Amino acid sequence: MLSGKLRKLRRRWGAFPMGDARCSCGAVTLSLPEEPSKIVVACHCIDCQRRTGAPFGVGAYYPAEVVTISGTSKEFTHAAASGGKTHNYFCPQCGSTVYWKLSSMPALIAVAVGTMADPKYPAPVISVFEQSKHDWVQIDGAVEHFRQSSLPKNSN
């Protein structure tokens, strides 16, 4: 029989299979398909740098209908460098950005790869906004590289 402390830790950390994502405190979780996304994007735009506090952000894009969101998140919407709007969703408790939606791709939801805490998650296949990429960052492998967005400018 598990001790009370061990059960509590297991509930806290063991309740999230590799197919799930969560914020730092666990208040916002996403249930994802077991199969990793085939669309993993490294974005070097200034907005992603500021959102993550890192030189780039990495998102895995899933069809919105296969993602289940639990918990209450706050939304921050801003004009995207690609021409549309970006809707960032973050935990009001710990501040972690867990996912975002782009008005230019309404059928998809982007999940911050770091929220999955899976070091074996597939590498990016697309690298965008390399015009603002830090010189020391290398995104190698079988990826497509774009100076700006990989999407055509939105006319909205």
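A residue is called buried under 20% relative accessible area, exposed over 50%, and partly exposed in between (1.4 Å probe, protein chains only). One heads-up: the model is predicted, so local features need pLDDT of at least 70 and side-chain atom pairs count only at pLDDT 80 or more, while totals for chains, interfaces and linings use all residues. Residues are numbered from 1 along each chain as its sequence is written, and side-chain values use heavy atoms, with hydrogens and water left out.

**Exercise 1.** Find the salt bridge partner of K38, and work out whether K38 is buried or exposed.

*Solution.* Start with the cut-off: a side-chain nitrogen of Lys or Arg has to be within 4 Å of a carboxyl oxygen of Asp or Glu. For K38 the partner is E35, with the closest N and O atoms 3.4 Å apart. The structure holds one salt bridge. Now check accessibility: K38 comes out at 65%, so it counts as exposed, and E35 at 51% counts as exposed too.

**Exercise 2.** Classify the aromatic pair of Y89 and Y99, and say which strands hold the two rings.

*Solution.* First, the rule: rings of Phe, Tyr and Trp (its six-membered ring) pair if their centres lie within 6.5 Å; planes under 30 degrees apart count as stacked, over 60 as edge-to-face and the rest as tilted. That rule gives one aromatic pair. The ring centres of Y89 and Y99 are 4.6 Å apart and the planes sit at 10°, so this pair is stacked. Y89 belongs to strand 7 (residues 85-90) and Y99 to strand 8 (residues 97-102), so the pair ties together parts that are ten residues apart in sequence. Last, accessibility: Y89 is buried at 13%, and Y99 is buried at 5%.

**Exercise 3.** Go to S96 and list what the residue touches.

*Solution.* Locate S96 in the loop between strand 7 and strand 8. At 14% relative accessibility, S96 is buried. Contact means heavy atoms within 4.5 Å; leaving out residues up to four places away in sequence, S96 touches C23, S24, Y89, F90 and C91.

Terms used
Helix = DSSP H or I, 4+ residues; strand = E, 2+ residues; numbered from the N terminus.
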